[in-house]
Amino acid sequence: MVVGGGFAGLACARELTASGVKVLVLEKKRQAGQHIHTTGILVKEAQDEWAAPERLVREIRRVRVYGPSLRSAAVERDDYFFLATDTAGLLEWLQEETGEMGVEIRARAAFSGATRQRGHWVLEESGMSCRFLVGADGARSPVAKLLGLDRNTRYLKGVEYAYEPLEEAELSLHCFVDPEYAPGYIGWVLPGVGVTQVGLACHSSHSVDLRGFVRRIDPLFGLSQRRVLEKRGGIIPIGGLLHNFYGDGVMLLGDAAGMVSPLTAGGIHRAYLYGRLGGQAVARYLRDGGPHPGEVIRKGYPRRPWQQAARWAYDHLPAGAMVEAALRMPRVFRRLAGKIFFDRMSWPE
């Protein structure tokens with residue numbers, strides 16, 4: 001049984017079904033894509049893994065970085081790109097595809113607890129049972145809370161508005177390093193699929209002043225002349241992979257397990273990739289008595305000490321001043337920005 005019908009949960013369910021394991025997905029929302037909590041940017045590797053329909057994505061090949069003074073420089077690579085997405089549409093498409101594979105997805109089904117009985121998990125409300133339970137239910141995972149696994153304690157909080165599209169905007173991912181409005185992370189402007197996405201994220205101890213940020217960058221984009229079509233928000237775990245993310249017959253995946261880059265806060269690719277790996281490992285565990293899926297995930301999960309070190313530096317050093325200095329040294333800027341934005345996550349064996 002998989003709790004959560006997002007990227008990690010669906011990827012896991014698809015692999016289980018492909019391996020001949022019967023699986024049920026519990027999703028608390030009424031429908032796919034409801035109450036989106038992510039900007040929905042995909043890295044190139046995600047598109048290589050599962051090609052999303054062209055109507056749901058928009059290719060972005062350039063990143064423009066701004067310092068607190070709004071001085072900026074762009075960086076790009078010919079062999080790399082990002083994808084802006086219609087995230088709600090993408091999840092709806094993915095759920096439909098998953099259902100067509102034979103996976104049962106039960107909407108409006110929240111997880112409220114389970115007990116371990118004779119090698120099975122028995123859900124408290126429905127009485128349904130399963131041999132293995134996967135919690136892919138977000139950064140504040142009820143599965144983690146109710147079954148005694150580790151929970152995310154370090155996170156960012158973010159808000160994003162979807163504006164009417166800015167037709168004249170440069171086709172770049174615009175990233176703003178601004179310690180006043182975005183301590184601990186960045187602000188962004190992204191020409192998305194049919195909208196312009198404008199967002200801001202910062203440490204959980206600070207308030208998110210997106211309106212103030214929009215006023216600050218309005219001379220660059222003219223956002224005040226566009227209507228807001230949608231608002232979204234959520235939290236982003238940045239503490240890295242949790243230590244105790246699995247136990248007897250249970251495992252966390254995706255945001256629930258902290259599978260998010262500590263530096264860039266990117267998580268969709270990791271969620272889908274390790275959802276797949278987790279599904280394969282659960283199938284082998286149930287069918288052949290293989291190693292615990294959590295052990296497989298831990299062994300294959302990339303260890304990136306430099307990202308943790310960079311996160312510490314971003315939190316404790318004057319990031320704004322450092323970016324302004326780098327912008328005045330083109331070679332340093334290109335190397336630093338390239339490492340942050342184009343560092344490819346190693347694929348597990």
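Student: How many bridges join strand 2 to strand 8, and do they run parallel or antiparallel?

Tutor: This is a predicted model. In it, strand 2 and strand 8 (residues 104-107) are joined by 4 bridges and run parallel.

Student: Which residue stands opposite Leu24 there?

Tutor: Glu104 in strand 8 is opposite Leu24.

Student: What about strand 1 and strand 2, how many bridges?

Tutor: Strand 1 (residues 2-3) is joined to strand 2 by 2 bridges, and the two run parallel. Val3 has Leu26 of strand 2 as its bridge partner.

Student: Which helix goes with those two strands, and what is the handedness of the unit?

Tutor: Helix 1 (residues 7-18) does; with strand 1 and strand 2 it makes a β-α-β unit that is right-handed.

Student: Which way do the residues of strand 2 point?

Tutor: Strand 2 covers residues 24-27. Leu24 and Leu26 point one way, Val25 and Glu27 point the other way, and all of them are buried.

Student: Where is Gly20, and is it buried or exposed?

Tutor: Gly20 sits in the loop between helix 1 and strand 2. Its relative accessible area is 65%, so Gly20 is exposed. Along the chain Gly20 and Ala283 are 263 residues apart, while their C-alpha atoms are separated by 8.1 Å.

Student: Back to strand 8. Where does Arg108 lie?

Tutor: Arg108 is in the loop between strand 8 and strand 9 (114-117). It counts as exposed because its relative accessibility is 63%, and the cut-off for exposed is over 50%.

Student: Which residues is Arg108 in contact with, leaving aside neighbours within four places in sequence?

Tutor: Glu27, Lys28, Lys29 and Arg30. Glu27 also belongs to strand 2, where it is buried.

Student: What is the phi of Leu70, and where does the residue lie?

Tutor: Phi of Leu70 is near 75°, also positive in a residue that is not glycine. Leu70 is in the loop between strand 5 (62-66) and strand 6 (72-76). Its relative accessible area is 25%, so Leu70 is partly exposed.

Student: New topic: what is the strand order in the open sheet of 3 strands?

Tutor: The order is 3-7-4, with antiparallel pairing. Strand 3 (42-43) and strand 4 (57-60) stand at the edges; each has a single partner strand, so one side of each has no neighbour in the sheet.

Student: How many bridges between strand 4 and strand 7?

Tutor: Strand 4 and strand 7 (residues 82-85) pair over 4 bridges in the antiparallel sense. Val57 is opposite Thr85 there.

Student: Now side chains. How many aromatic pairs are there?

Tutor: The count comes to 10 aromatic pairs. One of them is Tyr80 with Phe82, which is edge-to-face, at 5.7 Å centre to centre and 75° between the planes. Tyr80 and Phe82 are both buried.

Student: Which residues form the aromatic cluster?

Tutor: Tyr66, Phe176, Tyr181, Phe213 and Phe221 form one cluster.

Student: What does the side chain of His174 make a polar contact with?

Tutor: The side chain of Tyr66, at 2.9 Å. His174 is in strand 14 (residues 173-176) and counts as buried because its relative accessibility is 2%. Not counting residues up to four places away in sequence, His174 touches several residues, including Arg64, Trp188 and Phe221.

Student: Last one: which ring does Arg140 lie over?

Tutor: Arg140 lies over the face of Tyr155, 5.7 Å from the ring centre.

Key
Residues are numbered from 1 along each chain as its sequence is written. This is a predicted model: local features need pLDDT of at least 70, side-chain atom pairs count only at pLDDT 80 or more; totals for chains, interfaces and linings use all residues. Side-chain values use heavy atoms; hydrogens and water are left out. Buried means under 20% relative accessible area, exposed over 50%, partly exposed in between (1.4 Å probe, protein chains only). A polar contact is a pair of N or O atoms within 3.5 Å; within protein, one must be able to donate a hydrogen and the other to accept it, and residues adjacent in sequence count only if both atoms are side-chain atoms. Contact means heavy atoms within 4.5 Å. Rings of Phe, Tyr and Trp (its six-membered ring) pair if their centres lie within 6.5 Å; planes under 30 degrees apart count as stacked, over 60 as edge-to-face and the rest as tilted. A charge sits over a ring if NZ of Lys or CZ of Arg is within 6 Å of the ring centre and within 35 degrees of the ring normal. Two strands pair if DSSP finds at least two bridges between them. A crossover is right-handed if, with the strands pointing away from the viewer, the path from the first strand over the helix to the second runs clockwise.
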